[in-house]
Amino acid sequence: MQAISRNLNQFLIENFNTLLRQEEKALSLYGEGILSIYEFHVIDAAYSLKAEKNNTMGEISRKLGVTMGTLTTAVKTLEKKGFVKRVKKGRDRRQVWLEPTALSEQPFLEHRRFHEEMVRAVMERLNPEQLAVLDEALRVLADYFSSVTPAVREQPAAAAQPFKNLDII
């Protein structure tokens, strides 16, 4: 069990970071690095939620798991680059919708293609039984991450930095 625990920890830490670096490298080839990985994710969320007719800034921030302030900063940059625009619709002028522009379609498709290829590469290497076990394991991980994420965000600053006050010689 200890070896499995060690392997799981290694996977979660090292492979997550490796995935982000590979994604960044693959997507940096598009547009000579015009967009950051986070900006690709904002565009992706805007497109995904637009398909559901729910592409408000609030929903996008929830989908990405970031604060409205963090999202607003990215959106300002994306607006300056011409990839999105903010729109106020309807009676409630406080609600802001994020509309992808025609310029964002290609980055959106490139980002989606990267993820589809990654998923396809894994699925081609596993048989149906292994895929079923992997699917269940990923559901358990997703449940865990969604249950701890709100608790982590709500911690006071001192609790979020547990080693800050330790005297280390």
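These legends accompany close-up views of a predicted model.

**View 1. The largest pocket and the residues nearest its centre.** The largest pocket holds about 1,600 Å³ of space. Its lining counts 31 residues. Nearest the centre lie Phe 16, Leu 19, His 115, Met 118 and Phe 145.

**View 2. Helices around the largest pocket.** Five helices are shown here, given with their residue ranges: H1 (2-28), H2 (37-51), H3 (57-64), H5 (105-125) and H6 (128-154). Each supplies at least two residues of the pocket lining. H6 gives the largest share, with 11 residues.

View 3. Nonpolar residues number 19 in the lining of the largest pocket. The lining also includes 6 polar and 6 charged residues.

**View 4. The aromatic pair of Tyr 47 and Phe 108.** The structure holds 1 aromatic pair. Tyr 47 and Phe 108 form it, with ring centres 4.2 Å apart. Tyr 47 belongs to helix H2 and Phe 108 to helix H5, so the pair ties together parts that lie 61 residues apart in sequence. Both residues are buried.

**View 5. Lys 89 over the ring of Trp 97.** The charged end of Lys 89 sits over the Trp 97 ring. The distance from that charged end to the ring centre is 4.9 Å.

Methods:
Residues are numbered from 1 along each chain as its sequence is written. This is a predicted model: local features need pLDDT of at least 70, side-chain atom pairs count only at pLDDT 80 or more; totals for chains, interfaces and linings use all residues. Side-chain values use heavy atoms; hydrogens and water are left out. On a 1 Å grid over the protein atoms alone, a cavity is a set of points where a 1.4 Å probe fits but cannot get out, and a pocket is an open set with protein on both sides within 12 Å along at least five of seven lines; lining residues have an atom within 4 Å of a point. Grid points are joined across faces, edges and corners, and a volume is the space filled by probe spheres set on the points. Helices (H or I, at least four residues) and strands (E, at least two) are DSSP runs, numbered from the N terminus. Ala, Val, Leu, Ile, Met, Phe, Trp, Tyr, Cys and Pro count as nonpolar, Asp, Glu, Lys and Arg as charged, and the others, Gly among them, as polar. Rings of Phe, Tyr and Trp (its six-membered ring) pair if their centres lie within 6.5 Å; planes under 30 degrees apart count as stacked, over 60 as edge-to-face and the rest as tilted. Buried means under 20% relative accessible area, exposed over 50%, partly exposed in between (1.4 Å probe, protein chains only). A charge sits over a ring if NZ of Lys or CZ of Arg is within 6 Å of the ring centre and within 35 degrees of the ring normal.
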